[in-house]
Amino acid sequence: MSSILVTSATAATGTTSGAGGWIGMVLWMVILFAFMYFVMIRPQKKEAQKKDMMLNELAVGDTVLTTSGFYGIVIDIDEDLVIVEFGNNKNCRIPMQKSAISAVEKPEEA
């Protein structure tokens, strides 16, 4: 009996949730996309820009930390290839991609 009253009340006022439902759903989708952009996508882009700038400023003699956790000194730089010397052994020189470098420390000027 109560469902009959609700149906008749909706019919009497002439309002339906057809147009309002679509507008509300589109509005929530826009809000969700904006939230995802500002929380997830934008910070990742900024981090990628920082890493690209760090790798572009890489120079011979810089101390680097690789993604595998090794510290070394840059000996030579090609376009996408870096030769890094590890430890005190001057014969331990390993070529690697620039993308394998996670941090760069510039040498102190004396």
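The dialogue below turns to salt bridges, then to a charged patch and a loop residue.

Tutor: Please keep in mind from the start that this is a predicted model.

Student: How many salt bridges does a search of the whole structure find?

Tutor: A salt bridge pairs a side-chain nitrogen of Lys or Arg with a carboxyl oxygen of Asp or Glu within 4 Å. In this structure, the search finds two. One joins D62 to K106, with the closest N and O atoms 2.9 Å apart, and this pair links distant parts of the chain, since D62 lies in the loop between α2 and β1 while K106 lies in the segment after β5, 44 residues apart. In the other, the side chains of R93 and E85 meet at 3.1 Å, N to O.

Student: Which residues gather in a patch of negative charge on the surface?

Tutor: The patch is formed by D76, D78, E79 and D80. Among them, E79 sits in the loop between β2 and β3, and E79 counts as exposed because its relative accessibility is 78%.

Student: Where is T67, and which residues does T67 touch?

Tutor: T67 is placed in the loop between β1 and β2, and at 56% relative accessibility it counts as exposed. Leaving aside residues up to four places away in sequence, T67 touches S99, A100 and S102. T67 and I101, although 34 residues apart in sequence, have C-alpha atoms 5.8 Å apart in space.

Key:
Residues are numbered from 1 along each chain as its sequence is written. This is a predicted model: local features need pLDDT of at least 70, side-chain atom pairs count only at pLDDT 80 or more; totals for chains, interfaces and linings use all residues. Side-chain values use heavy atoms; hydrogens and water are left out. Helices (H or I, at least four residues) and strands (E, at least two) are DSSP runs, numbered from the N terminus. Buried means under 20% relative accessible area, exposed over 50%, partly exposed in between (1.4 Å probe, protein chains only). Contact means heavy atoms within 4.5 Å. Patches are made of residues with over 30% relative accessible area and no salt bridge: like charges are joined within 9 Å, nonpolar side chains (Val, Leu, Ile, Met, Phe, Trp, Tyr) within 5 Å. Accessible areas come from the Shrake-Rupley method with a 1.4 Å probe; for residues, only the protein chains shown count as cover. Lys and Arg count as positive and Asp and Glu as negative; His and the chain ends are not counted. The place of a charge is taken as NZ of Lys, CZ of Arg, CG of Asp or CD of Glu.
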